[in-house]
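Trainee: Could you walk me through the terms used for this model, one at a time?
Mentor: Happy to, let's look at it together.

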Amino acid sequence: MTILDRKRSFDHLSLLPGEVPFDIAEMFFSRTDERGVIQACNGVFRRVSGYEWAQMRGAPHKIVRHPDMPKGVFWLFWQVLKSGQPIGAYVKNRSADGRFYWVFAVAAPSNDGYVSVRLKPTSPLHGKVIALYEDLLADEQDGLTPEQSAGRLQQRIAEMGYTNYANFSSVALMTEMREQLSRTERSPESWQHRFLTMSDAIMQVQVETSEMLHAFRTIRTVPMNMRILASRLENAGGPISAISINYGAMLDEMTAWVHAFSHGKDSPFARIRDSIFTGQFLACAAALQVQMAQRFGRQTSSLTNDEIDVPGESARLRQQALDYRKRAAEALKVVELEAGNLARSVLDMNRYVTGLSSTRMMCKIESAALEDSGEALAGIVHQLDYCQQAIETHLARISEMNGLIQSNTAMLRATSQA
């Protein structure tokens, strides 16, 4: 990036009083031991934090922790890291002179410690998180423990529309990376487009399944109304009663399938969704590691060889990126398997829909044969027509979205194996 480009990246970012300025294209790196004690860092971290290397080396990473940060965020942060998993979070830090700066941090276990790469957050989502942190901090000041605060954080994340914190951090990381590309006038890469397409598609599947269940609940009263009508017709109502029983049984089976597919933490839908967001997070994290390794030499030029092993740290980052990519590929295998199962299930559901259509036609025939009660049955048939059209539309959308997931998964898997 040229000096002019860097000037532009500053021009469109407004700084708050007391905020430390740094370029949107700059990235932070640090490595700690298992206790969180700093072992290595890059020049950007040193410059923005305002600490000399002699002050940072051997100091706990919380030397830059800002009092505005809720303890619950760090409680969750460390719980995930100690479980052996990477995590991403918005973090407000304090520099040596008392000013502040925000980063989106991606941290992960690495050998006998932890590695973190951080970028500048600039998306609207960051603003929402700032407001959320302010609420959490107020709750903590009223007596909420760090663990309780972490629970409140996850509750608020769910209220924002995210299933869990891991999925939220995946979306946040992708959002911040895309915002960085946009502000530096660079185009997203194809793998980013593919993951975004997949994440949008699986969330649309959730909408369609929810609305299809609503359609089932709406239509569920129809067989009951048919049986009531049949009882009034006495002997003439026998065929209608049989039709209602058959229709109700098919509705029960379809409803059971949709519910089993879409409900529960270990449902097929949850496995597809969580695997997509896991793969997306890992792919984004891998890209960050590679970017950091590429920029390491340029952004740590002020450090001497005895202060930091630049080739060694770069190699560590590249190795971690390779591990992230392998794990992302494993997540995509799960997506591929579950999406294939969903495609076959949709075919089964279409056979049920065909059965509903046949039953509906039988109702029309009976309606035409009845004289006095034909009009009442015709009204029921009209309701069946409306509800079945809704079911067919939702099922077609699920099939379409699943097709997008399958095609993009196949392309991502092919790319990862190339």
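Mentor: Let's begin with residue classes: Ala, Val, Leu, Ile, Met, Phe, Trp, Tyr, Cys and Pro count as nonpolar, Asp, Glu, Lys and Arg as charged, and the others, Gly among them, as polar. By that scheme the lining of the largest pocket has 12 nonpolar, seven polar and four charged residues. Please keep in mind that this is a predicted model, where local features need pLDDT of at least 70, side-chain atom pairs count only at pLDDT 80 or more, and totals for chains, interfaces and linings use all residues. Residues are numbered from 1 along each chain as its sequence is written, and side-chain values use heavy atoms, without hydrogens and water.

Trainee: Why is Ser110 called buried?
Mentor: Buried means under 20% relative accessible area (1.4 Å probe, protein chains only), with exposed over 50% and partly exposed in between. Ser110 has a relative accessible area of 9%, so Ser110 is buried.

Trainee: Which residues is Ser110 in contact with, leaving aside its neighbours within four places in sequence?
Mentor: Contact means heavy atoms within 4.5 Å. On that basis, Ser110 touches Val115, Arg316 and Gln320.

Trainee: What makes the lining of the largest cavity nonpolar, polar or charged by class?
Mentor: The lining has nine nonpolar residues, no polar and no charged ones. Among those lining the largest cavity are Ala89, Tyr90 and Phe168, and Ala, Tyr and Phe count as nonpolar.

Key. On a 1 Å grid over the protein atoms alone, a cavity is a set of points where a 1.4 Å probe fits but cannot get out, and a pocket is an open set with protein on both sides within 12 Å along at least five of seven lines; lining residues have an atom within 4 Å of a point.
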